[in-house]
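The tour goes from the whole chain to single residues and then to helix packing.

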Amino acid sequence: MKTPGSILIKGGRVIDPASKFDGLADVLVRDGKVEAVGPGLRADGVEVLDAIGSIVAPGFIDMHVHLREPGIEHAETIETGARAAAAGGFTSICCMPNTLPTNDSATVTSYIVQRAREVADVNVFPIGAITKGSKGEELAAIGSMHEAGIVAISDDGRPVMNARVMRRAMELAKALDIPVIDHCEDLNLSAGGDMHEGPESVRLGLRGIPSASEDVMVARDLLLAELTGAWFHVAHLSTCRSMAMVAFAKSRGVHVSCEVTPHHFALTDEELSVYDSNYKMKPPLRRSRDVEAIIEGIRSGTVDAIATDHAPHPGDEKMQEFERCPFGITGLETAIGLTLSELVHPGHITVGRMVELFTAGPANVLRMDRGRLTAGAPGDVTVFDLTSEWTFDVRQSQSKSRNSPFSGRQFKGGQVATIVAGKIAWRRA
Ligand SMILES: [Zn+2]
């Protein structure tokens with residue numbers, strides 16, 4: 001995060017779901033904060049950004065990103081990950097704790113916060129581990145990490161298998177008023193699997209990861225959330241049954257929220273080939289009925305946020321035999337394009353609902369004073385359009401890694417400019 005700046009964004013269609021505003025207006029950011037939103041604004045000596053024909057939204061928040069620093073800097077650093085975020089239209093990102101060492105102490109949290117302050121073009125909010133080393137046994141130093149700046153806890157990638165440990169984590173998280181984000185996967189049910197278990201895994205001769213491995217953990221955590229009163233957030237929800245359970249729990253007043261990733265609504269397991277590990281991720285790509293349920297959940301309001309699960313891996317790791325390749329793909333720079341092409345252009349959701357899923361939605365989950373464009377709010381703004389035609393070329397990515405299945409994909413509409421605290425962090429060339 002650099003020093004705050006001032007900018008006047010003129011002539012765009014401002015969409016701010018938090019204040020239910022949708023109309024032509026200017027946005028004036030002064031010294032890093034939104035000063036005014038309205039027609040015909042003037043400000044002398046302030047940089048002007050022409051946004052005619054574009055949509056001007058609160059800064060997009062990606063609540064699920066892997067930055068790989070400290071410890072795995074050949075895959076991504078805080079600096080490169082933040083640059084990819086800015087290039088993807090995101091002004092704030094939350095980074096998962098599975099670094100080396102694991103972010104399970106205030107020392108690591110403080111390192112990330114400090115490093116981000118020095119080198120990151122966007123706001124970086126660390127998520128702390130639930131257990132020491134994310135080993136699922138002893139609780140991590142959650143209280144002191146919270147003082148050092150974590151916004152949530154999660155053992156993403158290595159979910160807590162012990163329900164008693166998860167219960168205690170939820171009790172602590174409730175006392176601190178932070179959400180527990182769970183990567184819901186029963187590791188015994190999914191063990192050894194490479195892709196979704198079904199006809200496609202049989203056809204390809206790959207070992208399957210059953211939907212039940214996600215569903216049983218969502219069910220367990222919903223029961224624990226009800227028991228403890230904690231806020232439980234389902235990371236990268238991928239199955240129709242999990243979606244139905246979250247919708248049911250919400251209707252009963254359980255404190256639960258969920259996110260979905262663009263790849264889980266844009267792709268199915270039929271896209272998989274054993275030769276391309278860029279389709280290998282956890283949770284795996286599911287069947288079309290799951291994709292339909294995800295889109296319905298987005299439409300109906302069951303889904304709170306779209307998050308990328310940006311998971312950079314260097315080329316040499318993704319170029320092994322399929323079974324040996326790590327799980328995960330990059331996602332920051334294709335999220336807006338995919339959401340427009342898969343959800344907005346086909347008419348599943350309005351562009352206003354899309355903005356909500358990237359702004360007020362995640363801000364509410366994380367209790368962040370962000371995700372709105374009203375006087376006094378942080379001067380973070382995402383400008384995008386609905387019509388520009390562009391092609392994603394992974395070789396041009398700002399990320400250090402290249403593991404995306406969307407290289408070469410053509411998009412209609414995409415990010416135009418990313419403004420963080422009143423300064424342009426990225427702008428389309
Ligand atoms: Zn995960």
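Helices (H or I, at least four residues) and strands (E, at least two) are DSSP runs, numbered from the N terminus. By that count the chain has 14 helices and 17 strands. Note that this is a predicted model: local features need pLDDT of at least 70, side-chain atom pairs count only at pLDDT 80 or more, and totals for chains, interfaces and linings use all residues. Residues are numbered from 1 along each chain as its sequence is written.

**Whole chain.** Show the C-alpha trace. Along the principal axes, the C-alpha atoms fill a box of roughly 65 × 45 × 45 Å. The radius of gyration, taken over C-alpha atoms, is compared with a globule rule of 2.2 Å times the number of residues to the power 0.38. For 429 residues a compact globule would have a value near 22 Å; the chain has 20 Å, which agrees.

Two strands pair if DSSP finds at least two bridges between them. S2 and S3 pair in the antiparallel sense over five bridges. Leu28 has Ala36 in S3 as its bridge partner. Most residues other than glycine have a negative phi, and most peptide bonds are trans.

**Select S6, S7 and S8.** They form an open sheet in the order S6-S7-S8, with parallel pairing. S6 (60–65) and S8 (123–126) stand at the edges with a single partner strand each, so one side of each is left without a neighbour in the sheet. Neighbouring strands are turned by 20° against each other on average, direction ignored. Four bridges join S7 (residues 90–95) to S8. Find Ser92: Asn123 in S8 stands opposite.

H1 lies across S6, S7 and S8, at about 135° to S7. Axes are lines fitted to C-alpha atoms, for helices over the stretch in contact, and angles run from 0 to 180 degrees between N-to-C directions.

**Two cis bonds.** Go to Leu100 and Pro101, joined by a cis peptide bond with omega about 0°. Pro101 lies in the loop between S7 and helix H2 (106–119). Then jump to Lys282 and Pro283, where the peptide bond is cis with omega near -10°. Pro283 lies in the loop between helix H9 (262–266) and helix H10 (288–300).

**Select H4 and H7.** The axes of H4 (residues 163–176) and H7 (residues 211–228) come within 10 Å and cross at roughly 45°. That makes H4 oblique to H7. Angles under 35 degrees count as roughly parallel, over 145 as roughly antiparallel, 65 to 115 as roughly perpendicular and the rest as oblique. The contact (C-beta atoms, placed from the backbone, within 7 Å) includes Met166 and Met170 of H4 and Leu224 and Leu227 of H7.

The axes of H7 and H8 (residues 240–251) come within 9 Å and cross at roughly 15°. That makes H7 roughly parallel to H8. Which residues make the contact of H7 and H8? Among them are Val218 and Leu222 of H7, and Met245 and Val246 of H8.

Note on methods: Two residues are in contact if their C-beta atoms, placed from the backbone, lie within 7 Å.
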